[in-house]
Amino acid sequence: MNNQEVQYFKQKHLSDTGFMQIFEIIEKHKKKKDEIIDTKITEIGFKNITYLKHILLQKLLEAIVSSRQSNDEQAEILYELILIKSLREKKMISLAVKKWESLYKQCLQKGFATHIQLLLHERWHLSLEEEKFNSVKEYTDFIEFYLEHSHSYEKLTRIRQLERKSRLLMKKSYFKDEKDDQLLKDLAVNLKFLSGEMKYFDQEYQILYNAAQSYIHFLQHNFNDAYFSARSCFGYLKESRKSFCRFNENFTLQFLKYYSDLLFLVNRKEEIPELLSTLKKISFSTDYFTGQQQIIIFLIDNRLAHKEYNYDEVKKLYLESKNHLDEWLEKCALEWRPVLLGSISISAYVSGYPQKGLYFLYQYEKSYAKSFRKEILSFFYLFGVLLAYESKDYEVFNTTYHKAYMHFYRNPEHYPIFDEIMKPMRKAFEKYDNESRAKIFEKILNRIEVSGDSGYYQILFSYFDFPSWFRSKIENLNYVDYKLKYAEK
């Protein structure tokens with residue numbers, strides 16, 4: 001429960017001293033085991049603890065619903081809909097119709113498609129009760145109006161389903177998975193049949209359509225096409241900050257994070273300030289979503305500082321992130337935790353702390369490995385080997401290299417990355433003279449140049465500039481010094 005819900009519960013049940021005592025005990029000791037909490041409750045004279053906790057839960061749920069009703073427009077609309085139904089059943093038809101018309105305008109303005117369908121169903125019942133249709137034409141017009149809405153809503157439902165399926169594929173991996181290849185083809189075909197404008201709900205439809213189209217292009221590694229579709233979706237989102245974004249917070253955050261990744265991938269960093277400005281202007285309803293917003297802003301700021309060679313800013317952000325890391329990991333969506341740790345790991349390395357970078361990479365490996373997107377996991381092991389190389393510690397390098405080998409062995413579709421980059425890196429690590437190492441790194445670069453146009457490499461190299469790291473080793477320079485030396489070029 002958030003603070004507002006807790007306060008509402010306390011005000012409503014101020015006279016229920018018993019339940020208030022139980023609530024205070026549970027709140028105070030919520031991080032302890034249930035047995036300890038039950039003992040504390042028993043000590044002040046309560047019996048039948050299971051029953052009391054069940055009743056308390058019901059009261060807490062009622063408080064959550066009631067507290068939201070006053071500031072949640074969607075909950076308020078459902079309440080009004082129940083009121084309209086009650087008025088109809090009491091034969092107060094004219095009042096019910098007035099309320100219906102007012103509520104319909106509100107839903108239309110906010111773009112509440114699902115609520116409009118419920119309203120139209122209720123309007124049908126009202127039309128049967130009142131003697132409003134003076135002609136067959138009036139009746140026919142209403143039926144056509146109802147059917148047009150239903151058709152638009154059906155189409156909207158289909159694009160909602162398609163967008164969610166394509167987004168689920170993106171959450172699995174930014175790499176195309178051969179196992180999902182047929183599903184991806186089916187989604188692309190189905191999307192073609194859903195193109196075009198709609199008379200109703202067009203704003204939400206265009207947002208979801210362009211997002212789904214962008215995801216499909218991305219998974220097909222057509223990154224420029226993905227960018228143009230995402231750009232269209234972003235334009236609609238900017239226009240709907242106070243409507244669609246406000247009531248679809250999870251989608252909004254996930255899409256804007258994806259859009260930032262895409263801008264860096266297609267080298268459109270000049271558009272990042274506009275994205276950041278839009279993201280900061282959106283108000284989110286809960287601490288959870290506000291926390292996600294802050295984390296995304298940090299990730300974008302950090303990545304932009306790297307792209308602009310602003311390594312003083314990178315170090316500043318790294319030192320600040322260390323103070324917030326535990327709090328961020330607690331607030332962070334599970335799928336973004338590896339991304340956050342990877343971002344901080346890169347900054348630690350660039351700031352001169354490669355051992356810290358390796359620590360952040362492996363700190364949460366066991367806890368969050370299942371939530372890693374596949375390309376993040378591939379980056380994780382590739383960058384880990386790079387950091388282990390910088391450590392100049394044979395045991396650290398050997399352990400990290402073996403973990404990477406096991407990962408790529410289990411994912412043969414990504415094995416070329418291991419074969420073309422990691423195997424030669426092991427040979428370079430075992431050499432003792434810079435000249436021999438430089439020759440190996442030149443061979444790696446030649447292999448990368450041949451395969452560099454593949455979507456796999458483009459995605460990985462958008463997270464960290466691996467080619468520049470190899471070139472810095474050839475010139476026997478620190479990575480940051482090399483990047484600054486050639487920054488103008």
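Me: How many residues of the lining of the largest pocket are nonpolar, polar and charged?

Reply: In this predicted model, local features need pLDDT of at least 70 and side-chain atom pairs count only at pLDDT 80 or more, while totals for chains, interfaces and linings use all residues. Residues are numbered from 1 along each chain as its sequence is written, and side-chain values use heavy atoms, with hydrogens and water left out. A pocket is an open set of points on a 1 Å grid over the protein atoms alone, with protein on both sides within 12 Å along at least five of seven lines, and lining residues have an atom within 4 Å of a point. Ala, Val, Leu, Ile, Met, Phe, Trp, Tyr, Cys and Pro count as nonpolar, Asp, Glu, Lys and Arg as charged, and the others, Gly among them, as polar. Here the lining divides into 18 nonpolar, ten polar and nine charged residues.

Me: Which residues lie nearest the centre of the largest pocket?

Reply: Of its 37 lining residues, Lys-307, Phe-461, Ser-462, Tyr-463 and Phe-464 lie nearest the centre. The elements that give two or more residues to this lining include helix H15 (287–307) and helix H24 (455–463); helices here are DSSP runs of H or I with at least four residues, strands are runs of E with at least two, and both are numbered from the N terminus. The volume of the largest pocket is about 850 Å³, a volume being the space filled by probe spheres set on grid points, which are joined across faces, edges and corners.

Me: What is the volume of the largest cavity?

Reply: A cavity is a set of points where a 1.4 Å probe fits but cannot get out. The structure holds four cavities of 30 Å³ or more, and the largest cavity has a volume of about 150 Å³. Its lining comprises 13 residues, with Lys-171, Tyr-174, Gln-254, Tyr-258 and Glu-335 nearest the centre. H13 gives the most to that lining, with five residues. By class, the lining of the largest cavity has six nonpolar, one polar and six charged residues.

Me: Why is the pair of Tyr-288 and Phe-289 edge-to-face?

Reply: A pair of aromatic rings is described by the distance of the centres and the angle of the planes. Rings of Phe, Tyr and Trp (its six-membered ring) pair if their centres lie within 6.5 Å; planes under 30 degrees apart count as stacked, over 60 as edge-to-face and the rest as tilted. The structure holds 45 aromatic pairs. In one of them, the centres of Tyr-288 and Phe-289 are 5.2 Å apart and the planes are at 65°, so this pair is edge-to-face.

Me: Is His-407 buried or exposed?

Reply: Buried means under 20% relative accessible area, exposed over 50%, and partly exposed in between (1.4 Å probe, protein chains only). His-407 has 7% relative accessibility and therefore counts as buried. The residue lies in helix H21 (residues 394–410). Not counting residues up to four places away in sequence, His-407 touches Leu-377, Ser-378 and Tyr-381, contact meaning heavy atoms within 4.5 Å.

Me: Where does His-221 lie?

Reply: His-221 is in the loop between helix H10 (202–219) and helix H11 (223–239). Its phi is near 65°, a positive value in a residue other than glycine. Asn-267 also has a positive phi, near 60°, and is placed in the loop between H13 and helix H14 (272–281). His-221 counts as buried at 19% relative accessibility, whereas Asn-267 is exposed at 59%.
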